Amino acid sequence: MTFFSVGHFKTVSKFGCNLQHQLSILAMPIQTRNPYNQEILATYDYLSDSELSQHLELAHDTFHHWRRTSFEAKAPFLESLISLLDERTEQYAQLMTLEMGKPLREARGELKKCMWLCRHYLEEGANMLEPLPLVFSDKQAEIQYQPTGAVLGIMPWNYPFWQVFRYIIPNIMAGNVALLKHAPNTTGCGVAIEQLCEDAGFPKGVFQTLVIDIPQVEEVIAHPIVQGVCLTGSGRAGSAVAALAGKYLKKSVLELGGTDAFAILEDADLEKALDTAFTSRMSNAGQTCIAAKRIYVPATHLDAASSYLQSKVERLSLGDPMVEGTDMGPISKGEFIPDLAQQVAKGVAHGATVITGLNAEPPFFTPGLLVAPHENPVNHEEVFGPVLSLIPYADEEKLIGYLNDSAYGLGAAVWTNDASKAEAFSAAIEAGTVVINGMVTSDPRIPFGGTKQSGYGREMGVPGMHAFLNEKVVVKG
């Protein structure tokens, strides 16, 4: 089974690649590894500066004919891409699992979600690009949505196909071209997506994966063809990229971290709510920005909630994610395991109680449950792993204050059967998305993004289609 195109996949000897090339970029090649057993999967050379310039020039040349291609002419390429995704689901699922460790079942689900997104923009994209009429008393005007150039995506490893698809598909269907700097440990996924786009018929240069090091990012952002940057990552990365985008006057959309609240009110269906919170927190080994990280439960229900979640956690099976039936694979990067252990230990030192699990057992961090008061530091840091934090509260009137007492504002969920309470909570919560009696997920039909330290701008939905377009106003005399 071939995951990589010959044109992008480079092997090197144990002595490394060409010395002059290494010195020119001051970085060793990327080695991707299976996080479950640490086997080396592949080695990739970083692009030299001259190679990077060639890629940027290709983006420039491609854009100037792609921008003039009608949506109807682009549609067959997207239809072909959907078909190829369907045919290659098992191939790409295995690649994802090998590179970042999610169980095959979850990897297949991610690819199905990518197909859903493609179908959505295939069906609705043309309508989203129609001019918006503006009517005045004495004249008429309209807003036209026009492509601007290349959009650089700096994407994480936790959803290595989905995160890429949700920014490239609306952009390329709107007439932009796309460039990707993927997380190093999922470089193979980035290479595979580029080959997929070419196999689907998209012209070479419409989407390119750039195997570049961090110091080369500024060169890309500074290039005239690049008119926007879309990043999903940490606050530190977001701050650095936003500064570069501002320096070169480029648009940016940032989706950063989160400590999403999940509030269960007294009148809610407790078990149904806990099932949803558990699914949200344990998916992808807890390595999800929009996971339910702070689960608020009435103090009167604490014992029942704790017992229920404990039994669910202890039934999870950890193991090789390539084996069918494995519920949870390894932590994607081994260096994160000590960080998780330290965060839990800090929480315990400040009064949290571990109910079950939460042990560092490389390559795993065992999923588990702790009970912690709202002010505990474990509830105010982003814990990127399978840590269920159950927070008892006694006064519902103070709950909104607890939910908003966070530097982050990505998503939140509220569970109640009282419509007036649902309306009050959804209006008051400071977050990019609030879900009533459900789970926060990213959905291609609706805008997705955060507020406060969770970033700014929106992906998907109509705003995601327009994010990197020129909203040109045409006034008709």
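Hi everyone, let me start with a pair of strands: β12 and β15, the latter covering residues 368-371, run antiparallel to each other and share three bridges. Within that pairing, Thr353 has Val371 of β15 as its bridge partner. Before I go on, please keep in mind that this is a predicted model.

So where does that pair belong? Both strands are part of an open sheet of seven strands with mixed pairing, and the order across it is β12-β15-β16-β11-β10-β18-β19. The edges are taken by β12 (353-356) and β19 (433-436); each has a single partner strand, so one side of each lacks a neighbour in the sheet. From one strand to the next, the twist averages 20°.

Strand β11 spans residues 294-298, and five of its five residues are buried. Which way do they point? Arg294, Tyr296 and Pro298 face one way, while Ile295 and Val297 face the other, and all of them are buried.

Now to the helices, and to one packing pair in particular. As a reminder, two packed helices are described by the angle between their axes and the distance between the axes. For helix α4 (residues 89-100) and α5, the angle is about 125° and the axes are 8 Å apart. These two helices are therefore oblique to each other. The crossing of α4 past α5 is right-handed. As for who meets whom, the α4 side brings Thr89, Glu90, Tyr92, Ala93, Gln94, Met96 and Thr97, and the α5 side answers with Leu104, Ala107, Arg108, Glu110, Leu111 and Met115.

In soluble globular proteins, nonpolar side chains tend to be buried together. Here the largest nonpolar core has 87 residues, and the members touching the most others are Phe161, Phe165, Tyr167, Ile169 and Phe202. Helix α5 (residues 104-128) is the top contributor to this core, giving nine residues. What does Phe161 contact, once we set aside its neighbours within four places in sequence? The list is Tyr92, Met96, Glu110, Leu111, Cys114, Cys189, Ala192 and Ile193.

Pro362 and Pro363 are joined by a cis peptide bond, with omega at about 10°. You will find Pro363 in the loop between β13 (360-361) and β14 (364-365).

Then there are two non-glycine residues with positive phi. For Leu249, phi is near 55°, and the residue lies in the loop between α9 (235-247) and β9 (251-255). Is Leu249 buried or exposed? With a relative accessible area of 76%, Leu249 is exposed. Asn437 is not a glycine either, and its phi is positive at about 55°. Asn437 lies in the loop between β19 and β20 (451-452), and at 33% relative accessibility it counts as partly exposed.

Note on methods
Residues are numbered from 1 along each chain as its sequence is written. This is a predicted model: local features need pLDDT of at least 70, side-chain atom pairs count only at pLDDT 80 or more; totals for chains, interfaces and linings use all residues. Side-chain values use heavy atoms; hydrogens and water are left out. Two strands pair if DSSP finds at least two bridges between them. Helices (H or I, at least four residues) and strands (E, at least two) are DSSP runs, numbered from the N terminus. Axes are lines fitted to C-alpha atoms, for helices over the stretch in contact, and angles run from 0 to 180 degrees between N-to-C directions. A nonpolar core is a set of buried Ala, Val, Leu, Ile, Met, Phe, Trp, Tyr and Cys residues joined through side-chain atoms within 4.5 Å. Buried means under 20% relative accessible area, exposed over 50%, partly exposed in between (1.4 Å probe, protein chains only). Contact means heavy atoms within 4.5 Å. Angles under 35 degrees count as roughly parallel, over 145 as roughly antiparallel, 65 to 115 as roughly perpendicular and the rest as oblique. A crossing is left-handed if the near helix is turned anticlockwise from the far one by less than a right angle, and right-handed if clockwise.
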